[in-house]
Amino acid sequence: MEQLQGASRFNRKAIKVEEAQRRILHACVSGRVEHIPIGQASGRRLAASLTATSDWPPFARSGLDGYAVFSADTGSASPSQPVELDVVDQVAAGGQAKRPVQSGTAVRIMTGAMVPEGADAIIMLEQTFELERDGAARVGIKQPAAAGQNVARAGQEFRKGDAIAASGELLRPGHIALFATFGYETVPVYASPRVGIMSTGTELLPIGAELAPGLIRDSNSVMIAALVREAGGEPYSLGRITDDLTAVREAMLQAAVEYDLLLTTGGVSVGDYDVMAAFMRELGQDDQEDRGNQSDGGQDRVGSGAGSGLLTSRSQSGDGSSGEIGNADRLSAENEARRNAVPGSTTLLFSKVAMRPGSPTSAATLLGKPLIALSGNPGACYVGFELFARPVIKRLQGVGVEQALPQVTTATLTADFEKGSPHERFVRTRLFIKDGVQFADPLAFNKSSMMASLPESDGFIRIPPGSSGATSGSLVEVMVLRDYT
Ligand SMILES: Nc1nc2c(c(=O)[nH]1)N[C@H]1C(S)=C(S)[C@@H](COP(=O)(O)OP(=O)(O)OC[C@H]3O[C@@H](n4cnc5c(N)ncnc54)[C@H](O)[C@@H]3O)O[C@H]1N2
Ligand code: MOO
């Protein structure tokens, strides 16, 4: 089989995780919007800011079953010397008193009913007794009422026009109650991003196939599909792509038209048949490895054809060094343009990240759609998804760049983690709380190629670059993956 990569396979410039996240999140725009009935909206992201269409409550409401009174009448009331008032009307929830409350009178009222004009307090039934004098209904009040007591005044919670939910907010059942209250039958939400998933690797078997020497079942595609669904996207398994660059190019371009995000797994490293690495190189090139004093992600250079390689069909198997490096100013302007990738454009965003696992993780925009080439190693694939793909799926649902990034907490390490690294390292961990303290218990089988620890992982411990690991009892940063409590 023809080798897909030349010498340029080693010329990939690693950028920091943070910079890689920034590039890909700034290259995506919020996605499509649809209107759906509010009964289906919980769990979706709102696509507009919505406001209260009336004051809430819309009228002064009784908080109790009791009597609506004029509070000043009740000042001297006590169990031994109750105050007596004429009961001039009664009102149930949904009704309206026909007579106002005036000094010396009361209206019997039920919870949720509109407080009659003139009344400024509600006395609960338990603090009253009924009596009759000269055939007229009266009420004895055994306790004084303060003005406003047990009355929910109009506009107490919302004034007409107040914000009730912001664009990008994850809708919960409580939001649905507010939407109903303010008469929103349908709401605009971001359409679930359609995520096309492709795997690479001639060693991959379908899940139902028998094992054979040298072959393994494709577990990444379905794992990614599950992660996509969890993140609010709609996964579409597009199958396995072959190691043929022309076929890959066609499949990718077609998928970019049809899907909002493309995720691939495998074939992204320096191997002879790593087809995704070869394809990404067509979209733009990074300069040789760090040249000493260049800061990671800051001044990296790109070939002069960044973003245009695909469309001009650059030589497939050449070493790519035809992307001339010109003067620094021009390159820096090109870098800037690349970072502010225009929607619709085709651009390499990064082809290596200074992290373990998942260093070969790469990303581009293809016809304006984000493409993330995740590593084939299952552990690295999972980490790459959480660091880059989940934030993109959130961003496509209207979440702001900062909010789309993974949540980080701190926890006390339960065991030494001795593996240092010049790069940022993400270590799968269990999280638990004991006596109010959060602990991180690093899991065994933590290597990039290993899967055993994936189901149990509640988070990733972040070991900072350049450190020699972390000791038991020390406080570490942890990227939280799920609710583990
Ligand atoms: N000479 C070098 N070799 C490697 C380097 C390097 O820098 N120099 N990088 C290593 C690192 S780090 C990683 S990570 C891997 C990444 O490789 P790829 O992302 O290109 O992935 P593959 O080579 O296709 O596969 C790696 C591994 O994962 C298995 N795999 C692939 N796809 C699936 C799938 N869908 N389901 C389950 N398992 C899958 C595959 O069989 C391989 O065992 O490269 C190192 N090499
Ligand atoms: O970057 Mo790789 O996932 O460390 O083995």
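Predicted model: local features only at pLDDT ≥ 70, side-chain atom pairs only at ≥ 80, totals over all residues.

Visitor: Start with the ligand. Which residues surround ligand 2?
Guide: The residues around ligand 2 are Arg356, Pro357, Gly358, Ser359, Pro360, Asn377, Ala380 and Ser448.

Visitor: How does that shell divide into nonpolar, polar and charged residues?
Guide: Three residues of the shell around ligand 2 are nonpolar, four are polar and one is charged.

Visitor: Which side-chain atom lies 2.5 Å from an oxygen atom of ligand 2?
Guide: That is a polar side-chain atom of Ser448.

Visitor: And what about backbone atoms? Which residues have one by an oxygen of ligand 2?
Guide: Gly358 has a polar backbone atom 2.6 Å from an oxygen atom of ligand 2. For Ser359, a polar backbone atom is 2.7 Å from an oxygen atom of the ligand.

Visitor: New topic. How many salt bridges does the structure hold?
Guide: There are 16 salt bridges in the structure. In general, side chains of opposite charge can pair when their charged atoms come close.

Visitor: Give me one. What does Glu19 pair with?
Guide: Glu19 forms a salt bridge with Arg22, and their closest N and O atoms are 3.2 Å apart.

Visitor: Where do those two lie?
Guide: Both Glu19 and Arg22 are in helix α1, residues 17-26. They are three residues apart, which is about one turn of the helix.

Visitor: Is Glu19 buried or exposed, and why?
Guide: Glu19 counts as buried because its relative accessibility is 13%, and the cut-off for buried is under 20%. Arg22, at a relative accessible area of 38%, is partly exposed.

Visitor: What does Arg138 form a salt bridge with?
Guide: Its partner is Glu84, with the closest N and O atoms 3.0 Å apart. Arg138 lies in strand β9 (residues 136-141) and Glu84 in strand β5 (residues 83-91), so this pair ties together parts that are 54 residues apart in sequence.

Visitor: How accessible are those two?
Guide: Arg138 is buried, with a relative accessible area of 19%. Glu84 counts as partly exposed, at 25% relative accessibility.

Visitor: Which residues are linked with them in a network?
Guide: The network of salt bridges links Glu84, Asp86, Arg133 and Arg138.

Visitor: One more pair. Where does Asp458 come in?
Guide: The side chains of Asp458 and Arg482 meet in a salt bridge, 2.9 Å from N to O. Asp458 is in the loop between β24 (437-442) and β25 (459-463), and Arg482 is in the segment after β26 (475-480), so the pair ties together parts 24 residues apart in sequence.

Visitor: Are they buried or exposed?
Guide: Asp458 counts as buried, at 7% relative accessibility, whereas Arg482 counts as partly exposed, at 36%.

Visitor: Now the sheet. What is the order of the six strands?
Guide: The order is β16-β13-β17-β21-β20-β18, in an open sheet with mixed pairing.

Visitor: Which strands stand at the edges?
Guide: Those are β16 (234-241) and β18 (347-350). Each has a single partner strand, so one side of each is left without a neighbour in the sheet. From one strand to the next, the twist averages 20°.

Visitor: How does β18 pair with β20?
Guide: β18 pairs with strand β20 (residues 362-366) in the antiparallel sense, over three bridges. In β20, Ala363 is the bridge partner of Phe350.

Conventions
Residues numbered from 1 in each chain as written. Chains lettered and ligands numbered in written order. Heavy atoms only, no water. Near = heavy atom within 4 Å. Polar contact = N/O pair within 3.5 Å; in protein donor to acceptor, adjacent residues only side chain to side chain. Nonpolar A, V, L, I, M, F, W, Y, C, P; charged D, E, K, R; others polar. Salt bridge = Lys/Arg side-chain N within 4 Å of Asp/Glu carboxyl O. Helix = DSSP H or I, 4+ residues; strand = E, 2+ residues; numbered from the N terminus. Buried < 20%, exposed > 50% of the residue type's maximum accessible area, 1.4 Å probe, protein only. Pairing = 2+ DSSP bridges. Axes fitted to C-alpha atoms, helices over the stretch in contact; angles between N-to-C directions.
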